Amino acid sequence: MILANAFCLFFFLGEEFYEASPYEPVTSRLSDIFRLASIFSGTGADPVVSAKSNHCLDAAKACNLNDNCKKLRSSYISICNREISPTERCNRRKCHKALRQFFDRVPSEYTYRMLFCSCQDQACAERRRQTILPSCSYEDKEKPNCLDLRGVCRTDHLCRSRLADFHANCRASYQTVTSCPADNYQACLGSYAGMIGFDMTPNYVDSSPTGIVVSPWCSCRGSGNMEEECEKFLRDFTENPCLRNAIQAFGNGTDVNVSPKGPSFQATQAPRVEKTPSLPDDLSDSTSLGTSVITTCTSVQEQGLKANNSKELSMCFTELTTNIIPGSNKVIKPNSGPSRARPSAALTVLSVLMLKLAL
């Protein structure tokens, strides 16, 4: 006995707690199926009508309307309910095989609705728990130790692969919005359904409509010094926020929308626009001010408009602070030198010209 326990201890210590999934990662999402689930669950409809509906019963009715779903469901119900003898309630091996065929060959829009339907009362939740015929496929006379059950599962390559896939896609992540790896509900729900029909078959532990707790049929009694590892393994089912959120989200038809991460762009500032200088420093000697400036200034003065920083009014301001020599296009700044014409002379010439025009 001591030798056997020592061998088991060595066997478990030599294993990895989490193994890599041999399956390709699931990149698609269940948006369409979640929308269908919201329609059938009555999300967004009259709350009173939705509360009275048995969505798990509705899911079973929908399955019966699909030939493939109806055929394979009837098959596993018949096999799993077939009693072999007074001491043997059913043939579990055949029951598991029929369940695997059902979940592998029937589209998830039917199977997920039966497994993850939302419930408002105990009758609905009990129907959900009974989906996989747990008296044959799940329960047993005694609960084995969870690490022993894991060891049995890992001796079968397919069961081992499905368990590794479950851990890869449902292991709680505290770096995502949904607590699921990559915020992918579909990957977790698919991995959970993939374990049904094996020694590690999980199921709802009770028919409570308010709390969702799932577990394999096992406990951590008799774990000895491996109790901590056993409890950790069991919590991946019973206290898994990713799995719980995924089941609730599907039942309510509320898939998560995660925006794809893209490169972050810094806000670009608009190019700085230099204000137009109040004096025409950018004007060349050939700049013609003439009548356009005078007309603008006259208009401004007549209308009593306030000056702003527009180029026309800057030029107007320029006209009032510079001298324009008649017959020349040059702009002369005041006090630029003795040889330049004075303001009084320029005004005199302008007055004479205006008198001649008047006559």
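Trainee: Where is the place of R171?

Mentor: First, this is a predicted model, where local features need pLDDT of at least 70, side-chain atom pairs count only at pLDDT 80 or more, and totals for chains, interfaces and linings use all residues. Residues are numbered from 1 along each chain as its sequence is written, and side-chain values use heavy atoms, with hydrogens and water left out. Helices here are DSSP runs of H or I with at least four residues, strands are E runs of at least two, and both are numbered from the N terminus. On that numbering, R171 sits in the loop between α11 (157–170) and α12 (185–194).

Trainee: Does R171 count as buried, exposed or partly exposed, and why?

Mentor: Buried means under 20% relative accessible area, exposed over 50%, and partly exposed in between, using a 1.4 Å probe and protein chains only. R171 has 36% relative accessibility, so the label is partly exposed.

Trainee: Which residues does R171 touch, leaving out those up to four places away in sequence?

Mentor: Contact means heavy atoms within 4.5 Å. By that rule, R171 touches Y18, F166, S179 and P181.

Trainee: What does F102 contact, leaving aside its neighbours within four places in sequence?

Mentor: F102 is one of the residues with the most contacts inside the largest core. Its partners are C63, C69, L72, R73, Y76, T111 and M114.

Trainee: How are α10 and α13 placed relative to each other?

Mentor: Helix α10 (residues 146–154) and helix α13 (residues 227–238) pack with their axes 9 Å apart, at an angle of about 70 degrees. Axes are lines fitted to C-alpha atoms, for helices over the stretch in contact, and angles run from 0 to 180 degrees between N-to-C directions. Angles under 35 degrees count as roughly parallel, over 145 as roughly antiparallel, 65 to 115 as roughly perpendicular and the rest as oblique. So α10 and α13 are roughly perpendicular.

Trainee: Which residues make that contact?

Mentor: From α13 come E229, C230, F233 and L234, and from α10 come C146, L147 and R150.

Note on methods: A nonpolar core is a set of buried Ala, Val, Leu, Ile, Met, Phe, Trp, Tyr and Cys residues joined through side-chain atoms within 4.5 Å.
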